[in-house]
Amino acid sequence: MYSTSRRALTRFSAQLRQRRAIRTSATSATVNDAEISHFSRLSSEWWDEGGEFSFLHRMNPVRVKFIQDKLVEVARDEAADGGESIQEGSVLRGLNVLDVGCGGGLLSESLARLGAKTVGIDASGSNIAIASLHASADPSFRLTSSSLPSASQPSTTAQNSLTYLHTTTDALLSPEPLPDSPLPPSIPRQFDVVTALEVLEHVSNPSHFLDTCASLVKPGGHLFISTMARTPLAYGLTILFAEHISGKVTKGTHTWSKYVNPEELVDFFKTYPTTETSPGRRWIEPSANSYIPRHQAEVKGLIYNPLKGAWHLGPRNSIAAAQCNYIFW
């Protein structure tokens with residue numbers, strides 16, 4: 001009986017790990033009203049480093065480091081002189097960066113402090129309000145926000161450009177400004193860097209969401225995505241432990257069936273056309289199977305060490321290390 005149950009569990013685990021396509025739903029809308037309501041209720045806790053979003057506070061420096069390292073690597077590869085003068089601390093300076101699903105602004109503030117002209121957008125007005133309120137207390141930010149009265153924005157002496165907008169990727173791509181989502185004229189149509197970190201698992205239509213994010217990247221730009229794999233390990237850590245045992249995360253924050261395996265994300269971009277090269281070329285060459293060229297894509301697991309209370313990155317393109325949280329470029 002024990003061996004039979006064990007075999008059944010093994011088969012079940014194998015089924016859970018099976019790859020499935022990131023499909024388009026009947027509607028192109030990506031905003032999930034239930035998810036937005038959930039995070040709006042939690043918005044006041046964004047900047048409590050020991051609260052609901054404590055794991056993200058600890059993860060944020062690792063995510064920023066990955067973004068910096070990848071931008072430096074690519075810039076040096078493309079530089080005629082080998083890019084010896086390109087440094088991690090300055091690689092973001094002057095770049096137009098879009099932070100999709102910015103929440104309370106953890107990543108947006110970090111990128112802006114590194115010199116990026118950062119635009120954070122979120123479908124939750126409460127999140128944008130909290131992000132704006134927090135950033136307004138830092139005189140280094142030249143802050144513009146859809147949630148602040150025009151009289152209070154922006155500072156003319158601050159060095160770091162930061163804009164917060166209560167809007168969506170669809171609205172940014174719309175040829176005509178939406179009545180309920182006006183966009184400042186200074187917002188670019190495409191960006192050097194687009195990030196969507198810990199967002200994909202909360203949208204209604206992942207295929208359309210990825211399409212809009214990719215469309216907002218200018219030719220030669222960069223897209224960074226982080227999410228969670230749909231594996232038993234991820235369920236055990238992010239739902240069973242985080243939500244039901246430790247209570248560090250509010251119950252219902254995550255839906256395991258909406259998690260996306262790294263192989264599925266890679267498969268999506270193997271079929272996604274580039275806009276800067278010859279017709280038919282994809283973001284990732286379809287022939288890239290066990291080995292993905294580093295100039296096409298990269299997957300790294302985001303691994304949490306509970307003994308140290310710290311996150312670190314796994315080896316490059318190691319799917320075994322990306323069985324829970326991971327980041328994709």
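Arg 63 sits in helix H3 of a model that is predicted. Helices here are DSSP runs of H or I with at least four residues, strands are DSSP runs of E with at least two, and both are numbered from the N terminus. At 5% relative accessibility, Arg 63 counts as buried; buried means under 20% relative accessible area, exposed over 50%, and partly exposed in between, with a 1.4 Å probe and protein chains only. Apart from neighbours within four places in sequence, Arg 63 is in contact with Leu 56, Leu 107, Leu 197, Glu 198 and Ser 226. Contact means heavy atoms within 4.5 Å.

Residues are numbered from 1 along each chain as its sequence is written, and side-chain values use heavy atoms, with hydrogens and water left out. Because the model is predicted, local features need pLDDT of at least 70 and side-chain atom pairs count only at pLDDT 80 or more, while totals for chains, interfaces and linings use all residues.

## The chain as a whole

The protein chain has nine helices and nine strands. Of its 329 residues, 48% count as buried. Among contacts between residues at least 6 apart in sequence, 63% join residues at least 24 apart.

## Two helix pairs

Two packed helices are described by the angle between their axes and the distance between the axes. Axes are lines fitted to C-alpha atoms, for helices over the stretch in contact, and angles run from 0 to 180 degrees between N-to-C directions.

| Helix pair | Axes come within | Crossing angle |
|---|---|---|
| H3 and H4 | 10 Å | roughly 40° |
| H7 and H9 | 12 Å | roughly 60° |

The angle makes H3 oblique to H4. Angles under 35 degrees count as roughly parallel, over 145 as roughly antiparallel, 65 to 115 as roughly perpendicular, and the rest as oblique. H3 passes H4 in a right-handed crossing; a crossing is right-handed if the near helix is turned clockwise from the far one by less than a right angle, and left-handed if anticlockwise. On the H3 side, the contact is made by Leu 56, His 57, Asn 60, Arg 63, Val 64 and Ile 67, and on the H4 side by Leu 106, Leu 107 and Ser 110. By class, this contact of H3 with H4 has five nonpolar, three polar and one charged residues. Ala, Val, Leu, Ile, Met, Phe, Trp, Tyr, Cys and Pro count as nonpolar, Asp, Glu, Lys and Arg as charged, and the others, Gly among them, as polar.

H4 spans residues 106-113, and seven of its eight residues are buried. These are Leu 106, Leu 107, Ser 108, Glu 109, Ser 110, Leu 111 and Ala 112. Just after H4, Gly 115 takes a positive phi of about 100°.

The second pair, H7 and H9, is also oblique, and H7 passes H9 in a right-handed crossing. Here Ser 207, Leu 210, Asp 211 and Ala 214 of H7 meet Leu 265, Phe 268 and Phe 269 of H9. The residues of this contact divide into five nonpolar, one polar and one charged.

H9 covers residues 262-270 and is largely enclosed by the rest of the structure, because seven of its nine residues are buried. The buried residues are Pro 262, Glu 264, Leu 265, Val 266, Phe 268, Phe 269 and Lys 270. They pack against helix H7 and also against strands S6, S7 and S9.

## Residues in and beside the strands

Thr 227 belongs to strand S6 and is buried, with a relative accessible area of 0%. Its side chain makes a polar contact with the side chain of Glu 201 at 2.7 Å. A polar contact is a pair of N or O atoms within 3.5 Å; within protein, one must be able to donate a hydrogen and the other to accept it, and residues adjacent in sequence count only if both atoms are side-chain atoms. Not counting residues up to four places away in sequence, Thr 227 touches several others, including Glu 198, Val 260 and Tyr 326.

Val 194 lies in strand S5 and is buried, with a relative accessible area of 0%. Val 194 and Ala 214 are 20 residues apart in sequence and 8.0 Å apart in space, C-alpha to C-alpha.

Glu 198 lies in the loop between S5 and H7. Glu 198 has a positive phi of about 55° although it is not a glycine, and at 10% relative accessibility it counts as buried. Asn 317, in the loop between S8 and S9, also has a positive phi of about 55° and is not a glycine.
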